[in-house]
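Trainee: Hi! Could you walk me through this one? I'd like to start with a single residue and then zoom out.
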Amino acid sequence: MNIGIKLNRLKKENLIWLIYFFIIIAALLSNAYEKYFLETKDYRNEKIYRTLNITVFCVAFFIYLYFVIVSYEDVEYLKKTSTKKEVIHAHVQLIAAILFLVAGGLALYNEINKAAPDTDIGLV
C-alpha cells in the first residue's frame with residue numbers, strides 16, 4: 001500500500017482518538033445526569049442524559065463505519081501477490097469492523113427505543 005495513503009489514514013485516526021476523548025467526557029457527563037435523574041426523578045435530567053447517549057452512539061457508529069470502509073479498501077487492495085496470511089488478516093479485520101458497526105447500530109437503536117431508564121447497556 002502507498003505510504004501516502006497510510007500517512008493519511010494515521011492522520012484521520014489521530015482525529016478519531018481526539019473524538020474518543022470527547023466521547024469519554026460526554027459519557028461521564030451522561031452518567032452524572034443519569035445519577036441525578038435516578039436520585040431526583042427530574043425528567044429534564046433524563047432527557048439530557050439520553051440525548052448525550054444517543055449523540056455518543058451516533059458518533060461511535062460513524063467511526064465504526066469509517067473503519068469498515070477502510071478495512072474493505074484493504075481487502076480490495078489485495079493483489080494476487082499477497083500472502084495467504086495478509087489475505088486472512090485483511091478479511092478478519094473487515095469482519096471485526098463489521099461486527100463493531102453492527103454492535104454500534106444495535107446500541108444506538110436500543111438507546112433511541114428504550115422505554116425505561118433501568119434498561120441500560122454499556123458503551124463499547
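Trainee: Which helix does Arg-9 lie in?

Mentor: Arg-9 is part of helix H1, which covers residues 3-40. Keep in mind that this is a predicted model.

Trainee: Okay, and is Arg-9 buried or exposed?

Mentor: Buried: Arg-9 has a relative accessible area of 12%, and the cut-off for buried is under 20%.

Trainee: Which residues is Arg-9 in contact with, leaving aside neighbours within four places in sequence?

Mentor: There are Met-1, Tyr-66, Val-70, Glu-73 and Asp-74.

Trainee: Got it. Zooming out, how many helices and strands does the protein chain have?

Mentor: Three helices and zero strands, so the pattern along the sequence reads α-α-α.

Trainee: And what is the radius of gyration of the protein chain?

Mentor: The protein chain has 19 Å, whereas a compact globule of 124 residues would be near 14 Å. The C-alpha atoms fill a box of roughly 65 × 25 × 15 Å along the principal axes.

Trainee: How much of the protein chain counts as buried?

Mentor: That's 27% of the 124 residues. As for the accessible surface, it comes to about 8,800 Å², and carbon and sulfur atoms make up 69% of that.

Trainee: New topic: what share of contacts with a separation of 6 or more comes from residues 24 or more positions apart?

Mentor: In the protein chain, that share is 66%.

Trainee: Last one, charges! How far apart are the mean positions of the positive and negative ones?

Mentor: They are 8 Å apart, with 14 positive and 12 negative charges in the protein chain.

Conventions
Residues are numbered from 1 along each chain as its sequence is written. This is a predicted model: local features need pLDDT of at least 70, side-chain atom pairs count only at pLDDT 80 or more; totals for chains, interfaces and linings use all residues. Side-chain values use heavy atoms; hydrogens and water are left out. Helices (H or I, at least four residues) and strands (E, at least two) are DSSP runs, numbered from the N terminus. The radius of gyration is taken over C-alpha atoms; the globule rule is 2.2 Å times the number of residues to the power 0.38. Buried means under 20% relative accessible area, exposed over 50%, partly exposed in between (1.4 Å probe, protein chains only). Contact means heavy atoms within 4.5 Å. Accessible areas come from the Shrake-Rupley method with a 1.4 Å probe; for residues, only the protein chains shown count as cover. Lys and Arg count as positive and Asp and Glu as negative; His and the chain ends are not counted. The place of a charge is taken as NZ of Lys, CZ of Arg, CG of Asp or CD of Glu.
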